Amino acid sequence: GIVPLELTVGQPLADTPEWHDASSLRKDDHVRLALRQHEHEGANAFDDLRFIHHALHGVSVSQVDTSVRVCGGQWMQPFYINAMTGGSARTGEINRALAHVAGETGVAMASGSQHAALRDPALTPTFTVIREQTTGFVFANIGPTVSPDQAVEAVRMLHADALQIHINLAQEIIMPEGDRDFSTWPDRIRAIAQAVDVPVVVKEVGFGMSRATVRELAALGITTVDVSGRGGTDFGVIENARRSQGDFSALGQWGQSTALCLLESLQGPDPVGIDVLASGGVRNPLDVVKALALGARAVGVSGHFLGVLDREGERGLAAEIGRWAAEIRSIMALLGARTVGELGDTDLFVDGLTARHADLLGVD
Ligand code: FNR
């Protein structure tokens with residue numbers, strides 16, 4: 001089990017200078033603007049999902065096994081700290097704190113994009129601090145624009161157990177300095193997956209993945225995706241706030257919710273045949289269980305945990321993760337599910353806009 005710990009607040013990384021280049025400032029902006037979004041977490045599409053209560057099923061809390069297999073690893077908890085940051089002094093500190101909590105609570109963790117360190121080795125300590133703090137499961141993180149050799153280097157940098165490749169097309173489009181050529185992404189994703197010797201997850205960053213996208217990734221040889229949908233951190237809002245010349249407000253509500261992504265890819269007439277992780281807008285343990293019930297292998301959490309770390313420090317985040325672990329176990333018992341797999345047998349209503357959209361996508 002997970003025990004909340006007395007953790008100290010991290011000291012600044014020794015010998016890490018303050019960088020003032022554009023990339024480091026961007027990383028600090030992302031954290032600041034994401035924190036603003038998570039001060040108040042409102043309703044989202046997870047609220048359109050409701051479990052049907054069955055009052056008699058005979059499963060005890062002590063019988064519940066919350067473990068999951070993800071990318072060849074056995075995790076005690078079905079949720080993890082998803083990709084966020086690194087690449088500046090402040091975000092190196094955040095990585096240190098997140099990784100310390102991940103190590104102490106036994107949850108998996110993903111690094112933020114390592115592009116900054118691949119370009120400038122002086123920034124490497126803001127990422128390697130993750131491996132100094134945890135011996136647990138760690139994902140490296142890159143985008144499809146790096147070379148296969150750089151992807152191998154990103155994995156080696158963190159002694160990572162798996163690699164996330166983020167696809168953030170909508171974010172790039174909204175960023176004035178963003179990429180504009182996406183024609184090579186499919187081939188690059190295939191080449192990276194072939195070059196690295198660890199499992200690969202292709203993930204979105206909060207705009208979601210359609211079943212067609214998941215299918216295309218499967219055809220490229222990808223065996224795990226993280227649909228990372230709408231409902232939580234919104235990089236449209238973040239990048240619009242960073243634009244100096246007017247916002248790209250036409251893209252204000254772009255993308256699909258995490259709940260809708262899971263329904264389309266896993267609950268429709270022709271479910272995708274690869275492992276699907278869920279993230280985007282996960283606010284509490286019930287959201288985790290709902291995503292697992294829709295067939296997600298595990299559930300990633302970014303913005304919510306960042307907000308808790310910011311407000312309550314490492315101790316507060318460790319306590320929050322301990323509470324989630326205990327409550328997931330309780331909710332599984334309430335639902336009569338001894339294992340995460342058995343959550344697939346629960347009964348879930350789909351209501352509201354999510355039901356209408358699922359209907360339009362041909363999900364029964
Ligand atoms: C992110 N996210 C992200 N994803 C990624 O693959 N590489 C990255 O470098 C980052 N950077 C990043 C910074 C910050 C501050 C946040 C909050 C998030 C996206 C993240 O992994 C996730 O896909 C989305 O944030 C949606 O999940 P939440 O935040 O709603 O739980």
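I count two residues as in contact if their C-beta atoms, placed from the backbone, lie within 7 Å. The model I am reading is predicted.

**Entry: α1 against α2**

I started with the pair of helices α1 (22–37) and α2 (residues 89–105). Which residues meet here? From α1 I noted K27, D28 and V31, and across from them R90, T91 and I94 in α2. By class, this contact has three charged, two nonpolar and one polar residues. I then checked the geometry. The axes of α1 and α2 come within 8 Å and cross at roughly 55°.

**Entry: the ligand shell**

Next I looked around the ligand. I found 27 residues surrounding it, and the closest are H166, G232, T233, S302 and G303. Which elements give two or more residues to this shell? They are α1 (22–37), β7 (162–166) and α12 (303–334). I sorted the shell by class: 18 polar, eight nonpolar and one charged.

**Entry: UniProt binding-site positions**

I went to the record next. An unreviewed UniProt entry marks R26, K27, S113, Q114, H115 and Q171 as "binding site". The feature "binding site" is also placed by UniProt (unreviewed entry) at E172.

I took R26 from the list. R26 sits in helix α1. Is R26 buried or partly exposed? I list R26 as partly exposed, because it has 16 C-beta neighbours inside 10 Å.

S113 came next. I located S113 in the loop between β5 (109–110) and α3 (115–119). S113 has 26 C-beta neighbours inside 10 Å, so I list it as buried; the cut-off for buried is 20 or more. Beyond its neighbours within four places in sequence, S113 is in contact with N141, I142, G143 and H166. H166 is also among the residues closest to the ligand.

Then E172. I placed E172 in helix α6 (residues 169–174). E172 is partly exposed, because 18 other C-beta atoms lie within 10 Å. Which residues does E172 contact, leaving aside neighbours within four places in sequence? I found G178 and D179.

**Entry: helix α11 and what follows**

I turned to α11, which spans residues 285–293. How many of its nine residues are buried? I count eight, so the helix is mostly covered, given the cut-off of 20 or more other C-beta atoms within 10 Å. The buried residues are P285, D287, V288, V289, K290, A291, L292 and A293. Just after α11, I noted G295 with a positive phi of about 110°.

**Entry: two pairs apart in sequence**

I checked E320 first. E320 lies in helix α12. I list E320 as buried because 22 other C-beta atoms lie within 10 Å.

S62 was my last stop. I found S62 in the loop between β1 (49–51) and β2 (68–70). S62 has 7 C-beta neighbours inside 10 Å, so I list it as exposed; the cut-off for exposed is 12 or fewer. The C-alpha atoms of S62 and R338 are separated by 9.2 Å. Along the chain, S62 and R338 are 276 residues apart.

Terms used
Residues are numbered from 1 along each chain as its sequence is written. This is a predicted model: local features need pLDDT of at least 70, side-chain atom pairs count only at pLDDT 80 or more; totals for chains, interfaces and linings use all residues. A residue is near a molecule or strand if its C-beta atom, placed from the backbone, lies within 6 Å of it. Helices (H or I, at least four residues) and strands (E, at least two) are DSSP runs, numbered from the N terminus. Ala, Val, Leu, Ile, Met, Phe, Trp, Tyr, Cys and Pro count as nonpolar, Asp, Glu, Lys and Arg as charged, and the others, Gly among them, as polar. UniProt positions are given in the numbering used here, feature names are shortened, and annotations may be inferred rather than shown by experiment. Axes are lines fitted to C-alpha atoms, for helices over the stretch in contact, and angles run from 0 to 180 degrees between N-to-C directions.
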